[in-house]
Amino acid sequence: MTTHRDTAERADRVKGVEVHPTAGHIGAEITGVDLAGPLDDAVVALVRETLLRWKVVFFRGQELDHRGHVALARRFGEPVVLGRRGSASPPDFPEVETTADRLELGGRFGMEHEEWLRRRHTLLRGWHCDHGARIDPPAATILRAETVPPYGGDTTWSNLAAAYAGLSAPVRAFVDGLRAEHRLGVGYQPRPGDDGYVRHLLDHQVASVHPLVRVHPETGERVLFVNGYYLEQISDVSRPESEALLEMLLEQAVRPEYTVRFRWEPGSVAFWDNRATIHLAPGDSAHLGFPRIMHRVMLAGEVPVGVDGRPSEPVTGTEAGRW
Ligand SMILES: [Fe+2]
């Protein structure tokens, strides 16, 4: 069992670096690290260890550019090279995906700006892991803030290993053997005359059957692999059974005690374990009209494995390792 004290002792071994947990089950701020500079192996090891223990780590006041962001990611894994990115993304850095709420006007999908904002902050938002419908969801995401609103726009994460551990023993045993279909664009219905984003999602389906309880490849922890964004249906049970189970499990997954909320500043970096967490993008900032520009680099992940050792299975869409 790792304790805060253990973490602090480890941090002491790397001069000037401190680890400050920010909530009871998830989140730690790491101070004394310049992510733009060359990182020595001891710092990388400490960050990795803290990430596995606290699921999301935060850094403030960083001066990363795109090149530095990608170089940082390479110290921890293989950056994903995206086949498709938003138009605000930097053309010279295919690993970097830029989200710019007030800049990306949805023109790509033929939407009016107001319509795009409405969708982005209602239908298309929810608790999710990044690219969770893929057969091999990313292992981690490193998100850095360039421009943020003066208030609003916080991101929240939840620890799915803690959520699993918090279930009663009989329910843990019950869900251990279940699997579920995750699908991109689940629940979205194209409306008459709608040939925009929803149509695009439905034409580019990505779906996989994942274990409902995933064994984390590094920590060995059991993780409640659920989210309200991709999860379509629990396999081999009826629709009403699936809905009732999902309602219970989703509520468990995002109970406030398993979460941490982060207030962004320019230069903030959040680095999360995408295999052990889900996160909630903010829904309280678009209407304010302030710009919010974020850059994301993801690390390639592996095919999830269940408690019984069975890996996930592809249904449709991208093959493992191919973006
Ligand atoms: Fe996300």
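Here are some worked exercises on the structure above.

Before you start: this is a predicted model, where local features need pLDDT of at least 70, side-chain atom pairs count only at pLDDT 80 or more, and totals for chains, interfaces and linings use all residues. Residues are numbered from 1 along each chain as its sequence is written, and side-chain values use heavy atoms, with hydrogens and water left out.

**Exercise 1. Get an overview of the chain and of the confidence in it.**

Step 1. Start with secondary structure: the chain has 8 helices and 17 strands. These elements are DSSP runs numbered from the N terminus, with helices being H or I of at least four residues and strands being E of at least two.

Step 2. Look at burial: 52% of the 323 residues count as buried. Buried means under 20% relative accessible area, exposed means over 50%, and partly exposed is in between, using a 1.4 Å probe and protein chains only.

Step 3. Turn to contacts, meaning heavy atoms within 4.5 Å. Take the contacts between residues at least 6 apart in sequence: 79% of them join residues at least 24 apart.

Step 4. Check pLDDT, the predictor's confidence in each residue on a scale from 0 to 100. The chain's mean is 87, and 83% of its residues reach 70 or more. Over residues 102–109 the pLDDT is below 50, and this stretch has 25 contacts in the model beyond near neighbours in sequence. Residues 120–124 also have a pLDDT below 50, with 14 contacts beyond near neighbours in sequence.

**Exercise 2. Work out which residues coordinate the iron ion and whether His128 and Asp130 are buried or exposed.**

Step 1. List the donors, which are N, O and S atoms within 2.8 Å of the metal (3.2 Å for Na, K and Ca); water is not among the atoms, so sites may look incomplete. The iron ion is coordinated at 2.2 Å by His128 through NE2, Asp130 through OD and His279 through NE2.

Step 2. Write the spacing along the chain: H-x1-D-x148-H.

Step 3. Check burial. Histidine 128 counts as buried because its relative accessibility is 13%. Aspartate 130 is buried as well, at 3%.

**Exercise 3. Describe the surroundings of valine 80 and follow them to tryptophan 323.**

Step 1. Leave out residues up to four places away in sequence, and valine 80 touches Pro94, Glu95, Met298, Leu299, Ala300 and Trp323.

Step 2. Take that tryptophan: valine 80 and tryptophan 323 are 243 residues apart in sequence, yet their C-alpha atoms are 7.8 Å apart.

Step 3. See what else tryptophan 323 meets. The charged end of arginine 134 sits over its ring, 3.6 Å from the centre. For this call, NZ of Lys or CZ of Arg must be within 6 Å of the ring centre and within 35 degrees of the ring normal.

Step 4. Look back at H3, where His66, Gly68, His69, Val70, Leu72 and Ala73 are buried. Their cover includes E4, strand E6 (140–147) and strand E16 (293–299).

**Exercise 4. Compare two residues with positive phi, lysine 55 and aspartate 236.**

Step 1. Note the angles: lysine 55 has a phi of about 75°, and aspartate 236 has one of about 65°.

Step 2. Lysine 55 is in the loop between helix H2 (41–54) and strand E3 (56–59). Aspartate 236 lies in the loop between strand E12 (231–234) and helix H8 (239–253).

Step 3. Check accessibility. Lysine 55 is buried because its relative accessible area is 2%, whereas aspartate 236 counts as exposed at 82%.

Step 4. Find contacts of lysine 55 beyond four places in sequence: among them are Asn159, Glu221, Trp272 and Thr277. Lysine 55 and threonine 277 are 222 residues apart in sequence and 6.8 Å apart, C-alpha to C-alpha.

**Exercise 5. Find the aromatic cluster that holds Phe262.**

Step 1. Name its members: Phe58, Trp157, Phe262, Trp264 and Trp272.

Step 2. Pick one pair from it. Rings of Phe, Tyr and Trp (its six-membered ring) pair if their centres lie within 6.5 Å; planes under 30 degrees apart are stacked, over 60 edge-to-face, and the rest tilted. The count comes to 8 aromatic pairs. Phenylalanine 262 and tryptophan 264 form an edge-to-face pair, at 5.0 Å centre to centre and 80° between the planes.

Step 3. Check burial: both phenylalanine 262 and tryptophan 264 are buried.
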